[in-house]
Amino acid sequence: MKKVLTYGTFDLFHYGHLRILQRARALGDYLIVAVSTDEFNEIKGKKCTYPYAHRAQIVEAIKYVDKVIPEHNWRQKARDIRENEVDILVMGNDWQGKFDDLNELCQVVYLPRTEDISTTEVKHHVKNERSIAIKKSA
Ligand code: C2G
């Protein structure tokens with residue numbers, strides 16, 4: 001069984017998140033997703049809309065995902081790869097080259113990001129829609 005591992009915050013889950021999980025799973029037979037905890041996102045400088053428990057449940061409900069584990073820090077990847085006998089680490093190419101050191105433990109694959117969608121853009125879209133609604137009701 002070829003096991004694939006990927007990492008992410010997956011806040012305000014969107015089409016770009018779905019596509020990376022879909023393509024990661026297609027590279028093997030089993031997909032493990034490490035979801036960043038709220039504490040780790042503070043270290044990453046990311047303010048999440050959804051708490052870890054919700055983000056993890058949403059990812060776990062995705063049909064391409066077989067297992068969800070928490071991502072507590074930058075350093076756990078090597079241990080996760082060994083403990084889960086991972087064959088392929090997959091990340092979006094905004095991380096291109098950042099995890100090449102892990103090539104000693106498994107194949108590292110960077111996949112093209114999905115254009116024109118990001119958690120930040122989703123937040124801006126919701127904010128704009130809300131301000132339009134408020135203006136209309138004024
Ligand atoms: N992604 C993508 N296309 C987008 C947005 C995101 O392919 N339009 C990919 C990212 O490249 C990443 C995954 O989706 O591989 C999750 O993205 P984020 O939730 O933004 O996660 P990130 O903050 O990049 O966390 O240790 C690694 C970090 O935890 C990665």
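**Notebook: a predicted chain and its ligand**

I began with Leu-12, which is buried at a relative accessible area of 13%; buried means under 20% relative accessible area, exposed over 50%, and partly exposed in between, with a 1.4 Å probe and protein chains only. I located Leu-12 in the loop between strand 1 and helix 1. I noted that its phi is near 50°, a positive value in a residue other than glycine.

**Basis of the entries**

I recorded that this is a predicted model, in which local features need pLDDT of at least 70 and side-chain atom pairs count only at pLDDT 80 or more, while totals for chains, interfaces and linings use all residues. I number residues from 1 along each chain as its sequence is written, and side-chain values use heavy atoms, with hydrogens and water left out.

**The chain as a whole**

I found 5 helices and 5 strands in the protein chain. Helices (H or I, at least four residues) and strands (E, at least two) are DSSP runs, numbered from the N terminus. I wrote down the order of the elements from the N terminus on as β-α-β-α-α-β-α-β-β-α. I noted a box of roughly 60 × 30 × 30 Å, taken along the principal axes, for the C-alpha atoms of the protein chain. Of the 138 residues in the protein chain, 43% are buried. I also looked up contacts, which require heavy atoms within 4.5 Å. Among those in the protein chain with a separation of 6 or more, 64% are between residues 24 or more positions apart.

**Strand 1**

Strand 1 pairs with strand 2 (residues 30-36) in the parallel sense over 6 bridges. In strand 2, I identified Val-35 as the bridge partner of Gly-8. I followed the chain from strand 1 through helix 1 (residues 15-25) to strand 2 and recorded a right-handed β-α-β crossover. Right-handed means that, with the strands pointing away from the viewer, the path from the first strand over the helix to the second runs clockwise. Strand 1 also runs parallel to strand 4 (residues 88-92), to which 3 bridges join it. Here I found Val-4 opposite Ile-88 in strand 4.

**The sheet and its helices**

I traced an open sheet of 5 strands in the order 3-2-1-4-5, with parallel pairing. Strand 3 (67-71) and strand 5 (107-111) are the edge strands, each pairing on one side only. I noted that neighbouring strands of this sheet are turned by 25° against each other on average, direction ignored. For such angles, axes are lines fitted to C-alpha atoms, for helices over the stretch in contact, and angles run from 0 to 180 degrees between N-to-C directions.

I saw helix 1 pack on the sheet, where it touches strand 1, strand 2, strand 4 and strand 5, and its direction makes about 145° with that of strand 2. Helix 3 (residues 52-60) lies across strand 2 and strand 3, at about 165° to strand 2.

**Two neighbours in one loop**

I looked up Asn-84 in the loop between helix 4 (77-83) and strand 4. Asn-84 is buried, with a relative accessible area of 8%. Not counting residues up to four places away in sequence, Asn-84 touches Lys-3, Ile-32, Lys-67 and Ile-69. I found Glu-85 in the loop between helix 4 and strand 4 as well. Glu-85 counts as exposed, at 60% relative accessibility, and its phi is near 50°, a positive value in a residue other than glycine.

**The ligand**

Which residues are closest to the ligand? I listed Lys-46, Glu-71, Lys-77, Asp-94 and Ile-117 as the closest of the 21 residues that surround the ligand; a residue is near a molecule if one of its heavy atoms lies within 4 Å of it.

How values were computed
Pairing = 2+ DSSP bridges.
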